[in-house]
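Okay everyone, thanks for coming.

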Amino acid sequence: MEGIKNLEYRGYDSAGLAVLEERGAVSSEKAVGRIAALEEKIGSRKFSGNLGIIHSRWATHGGVTETNAHPHSDCQGRIWLVHNGIVENYKELKEKLKETGHSFKSETDTEIIAHLIEEELKGYTFEDAVRLALQKIRGTYGLAIFSKDKPGVLIAARNFSPLLFGIGNGEYIVASDASAVLKHTKQVIYLDDGEMAVLTPNEHKVYDLGRNIHEKELHEIEWSQEEAQKGGH
């Protein structure tokens, strides 16, 4: 919640989060309006998991509603993701997915990504299902994705939408802006277009959609959280 508040300067109209709890269920909450509205809905609820995603949306496809707010999931609620960007060929992909029996809850282009992964999971591992699904997408994306069936894995992927992950003390934090991770770490790795990162509790690996491993440079952020927020710059 603190991390997403550091991105409020970008503007948004709704927000939501999903946490994979220790008992294996996903707890999700969404709200229209300010981050404060999401906080109010969550109230005193406690989350027991150590894998979660949170997002603030600026509506592009579909109106400003809780249903259209991120995170989005597939038919069975196994795949959960948040997305910055636009899927240009989402109508064509959505029609194909409907033909194979998928049903959609929202009006967004983002939701089809979860269903594409769900479809690929019929024959592939979680990592490969994400990689193959992304090969079908035309457009831009900064994504954070998890699966109920893989509680120790978070996948991040970028294409023309900024994305990085911070390396903390026994944790990884994916964000679209370093200001969201600075309180926890100043060590970050920036993803390039066409790359995806697979993060587990103990390691990270980055490769392209052809499964070629990429060695990435570790960057040390030299500015503080306070400097990042001075004067809105």
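What you see is a predicted model, where local features need pLDDT of at least 70, side-chain atom pairs count only at pLDDT 80 or more, and totals for chains, interfaces and linings use all residues. Residues are numbered from 1 along each chain as its sequence is written, and side-chain values use heavy atoms, with hydrogens and water left out.

At 43% relative accessibility, Glu95 counts as partly exposed. You'll find Glu95 in helix H3, residues 90–99. By helices I mean DSSP runs of H or I with at least four residues, and strands are E runs of at least two, both numbered from the N terminus. Now look from Glu95 over to Ile112: they are 17 residues apart along the chain, and their C-alpha atoms are separated by 9.9 Å.

On to a pair of helices, then. Two packed helices are described by the angle between their axes and the distance between the axes. Here, helix H4 (residues 111–120) and helix H5 (residues 126–135) have axes that come within 8 Å and cross at roughly 125°. Those axes are lines fitted to C-alpha atoms, for helices over the stretch in contact, and the angles run from 0 to 180 degrees between N-to-C directions. That makes H4 and H5 oblique to each other; under 35 degrees would count as roughly parallel, over 145 as roughly antiparallel, 65 to 115 as roughly perpendicular, and the rest is oblique.

Which residues of H4 and H5 make the contact? On the H4 side, Leu116, Ile117 and Glu120, and on the H5 side, Ala129, Val130, Leu132 and Ala133. Contact here means heavy atoms within 4.5 Å. Sort the residues of that contact and you get six nonpolar, no polar and one charged. For the sorting, Ala, Val, Leu, Ile, Met, Phe, Trp, Tyr, Cys and Pro count as nonpolar, Asp, Glu, Lys and Arg as charged, and the others, Gly among them, as polar.

Now for the strands. Two strands pair if DSSP finds at least two bridges between them. My pick to start with is strand E6, residues 141–147. Is E6 enclosed or open? Seven of its seven residues are buried, so E6 is largely enclosed by the rest of the structure. In a regular strand the side chains alternate between the two faces of the sheet. In E6, Tyr141, Leu143, Ile145 and Ser147 point one way, Gly142, Ala144 and Phe146 point the other way, and all are buried.

As for partners, strand E5 (residues 79–84) pairs with E6 in the antiparallel sense over six bridges, and Val82 stands opposite Ala144 in E6. E6 also pairs with E7, again antiparallel, over five bridges. There, Ala144 stands opposite Ala156 in E7. A hairpin through six residues joins E6 to E7.

Next, an open sheet of three strands, in the order E2-E1-E3, with antiparallel pairing. Strand E2 (26–32) and E3 are the edge strands, each pairing on one side only. On average, neighbouring strands of this sheet are turned by 5° against each other, direction ignored. Strand E1 (residues 14–20) is joined to E3 by seven bridges, and Gly16 stands opposite His55 in E3. Helix H2 (residues 35–42) lies across E1, E2 and E3, running at about 135° to E2.

Most residues other than glycine have a negative phi, and most peptide bonds are trans. But a cis peptide bond joins His70 and Pro71, with omega about 5°. Pro71 sits in the loop between strand E3 (51–57) and strand E4 (72–73).

Then there's Phe160, which is not a glycine and yet has a positive phi of about 60°. Its loop runs between strand E7 (154–159) and strand E8 (164–167), and at 60% relative accessibility Phe160 counts as exposed. Arg211 is not a glycine either, and has a positive phi of about 75°. Look for Arg211 in the loop between strand E12 (204–208) and strand E13 (219–220); Arg211 is partly exposed, with a relative accessible area of 35%.

Methods
Buried means under 20% relative accessible area, exposed over 50%, partly exposed in between (1.4 Å probe, protein chains only).
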